[in-house]
2 protein chains.
Amino acid sequence: MSSLNEIAGYLKTRDKYVILTHIYPDGDTLGSAYALCRALRRLDKQANVLIHGTLAGKFAYLEKDMEKQDFEYETVVTVDIASPSLMGEFKEEFEDKIDVCIDHHASNDITASMRYVNADAASNCENIYYLIRLLGTEIDPQLADCIYTGMCTDTGCFRFTNVTPDTMRIAADLIELGCRNAEINRVMFDTKSLARINIEREVLNTLRFYADNKIAVVYTTRDMEKRTGAKDEDMDGLAIIPRQIEGVSAGITVKEKGDNYYRISVRTNGDHNASWICSKLGGGGHFAAAGCSVQGSLEEAIEKIVHAAVDELSL
Amino acid sequence: MSSLNEIAGYLKTRDKYVILTHIYPDGDTLGSAYALCRALRRLDKQANVLIHGTLAGKFAYLEKDMEKQDFEYETVVTVDIASPSLMGEFKEEFEDKIDVCIDHHASNDITASMRYVNADAASNCENIYYLIRLLGTEIDPQLADCIYTGMCTDTGCFRFTNVTPDTMRIAADLIELGCRNAEINRVMFDTKSLARINIEREVLNTLRFYADNKIAVVYTTRDMEKRTGAKDEDMDGLAIIPRQIEGVSAGITVKEKGDNYYRISVRTNGDHNASWICSKLGGGGHFAAAGCSVQGSLEEAIEKIVHAAVDELSL
């Protein structure tokens, strides 16, 4: 592994950058990429960000006042990409040409000439912040916005266990540098599409309890998605709803994916093992968040996962 | 106004403290009080916190391992109390005996021998943090939890416009000192009572739009409260629901308070003046959050406030 200092030195000697982001782009991969691109351009380098699809409207400010530059690339950088499988449409062209990989996923298996993977960073934007400090370029408010975006989105606005003292101190620096923290937070955390509001309402209407209210179950059907117009991004995070309820140890979300085919998410609070529950149905994941897939009717799917959860709760 | 340094010096010379909190106690008044009480006890002072009612279960950790001490008080401190009217049941006995007032509300009109009011602090707990640093006592994890509680609850977990670089740096220090930040965040921001979930569902079922979807209205009735068992604390923050919807400029929540009597909350996004809207019906408040009361039927109340909001949106 290379140090950030070595990477900063290397980046200064190179030019004509493409900065690659991962599929299903989120605030951290986009914030990392646009921050680094802005910093490199300030060093009079040519640099472009490559993303999958078009930039979502809520992220438009990241590329404000940036024009796509016209050049043949010479240097390839990946940001927040944990694995070649997450390179999507860029994989074929770029997989074997990566000069620098900067990431915060412990599982990172990208092959690159220089790699910096710091899994203690709550977001990859923290790594990018330190890198830009080493590059020595000014951090103007728009660049600060880019870094802040990855930091707040990967931590649930500084809510999760991954937050460290460093996270808070970098955010302090960015606010001092003029980032629009409150406005970004409002867009990321206090704005819901009408489809999201409507699917939430329908999800709440399906709420059931088992095992003395320790297990809460909700479901979504393809009909509900059609009726509310909810797209994938509107469905994000629905799985935390049953787990949020006071006294619930295991929150279960059952999502109809096809005919007699369901995808199940399990979220637990503290003491119970979601991965164990899902492994009973051939799935897996983390201790507090796991998933599996089930064939059968909706009621059969619910019965199977509730049964597994009851088993875990009685361990 | 006194400096925090003067107040710290004074507190060291005194003993037998009562620390007063405001009515409808929130995380900031409670966090401030228990933090200061713990610090004073570490200085071998006698000190108690006085609160209205009993400590809500979610705040129980604030007083963990603290016994009520038995003494005749000699020194009275208020924390986060902006006005005598917010002293509730403590007003009669203590109003004219306040030795030290520590607050962060610009409007503070408490009479006290020594006053420190710093309206730049996002939470009063920030003031308490600096005060305890000046007192020179150790900040153990439990004391850090108390300070963190006021900081996260008064900023919506570091989401709002009141957050400053200082806010983030103090939070960084507290995490370093061992506060259970992620666990406190989960309790404060990721836990909902079943009554809350049910009233949210009923509220979403009342959603209507006006003025090209720029105005969103929801309402609650006493029947809905009875049916769901929602208490005051379960109703907190419902007013942000209509404003959160993408594209909505003014979110309006109409709450049945009595026969033909409604309390209305208006929340706006950025460009529109909630206070102006509510002033048309005899109310007022801040630019982005205001309220008023209306007599009449539910439909009349909605018609009146929507009319005022349409007027403002066309200004």
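**Reading the interface of chain A and chain B**

Modeller: In this predicted model, 100% of the interface residues of chain A are also interface residues in chain B, so the copies meet through the same surface. Residues are numbered from 1 along each chain as its sequence is written, chains are lettered from A in the order in which they are written, and side-chain values use heavy atoms, with hydrogens and water left out. Local features need pLDDT of at least 70 and side-chain atom pairs count only at pLDDT 80 or more, while totals for chains, interfaces and linings use all residues.

Colleague: How many residues of each chain are in contact?

Modeller: Contact means heavy atoms within 4.5 Å, and here 36 residues of chain A are in contact with 36 residues of chain B.

Colleague: What is the area buried between the two chains?

Modeller: The size of an interface is often given as the accessible area lost when the parts come together. With a 1.4 Å probe, and summed over both parts, the area buried between chain A and chain B is about 3,600 Å², of which carbon and sulfur atoms give 58%. In chain A, the residues that lose the most area to chain B are R159(A), D190(A) and Q244(A), together 17% of what that side buries.

Colleague: How many salt bridges does the rule find across the interface?

Modeller: A salt bridge is a side-chain nitrogen of Lys or Arg within 4 Å of a carboxyl oxygen of Asp or Glu, and the rule finds eight across this interface. One salt bridge joins the side chains of R159(B) and D190(A), at 3.4 Å from N to O.
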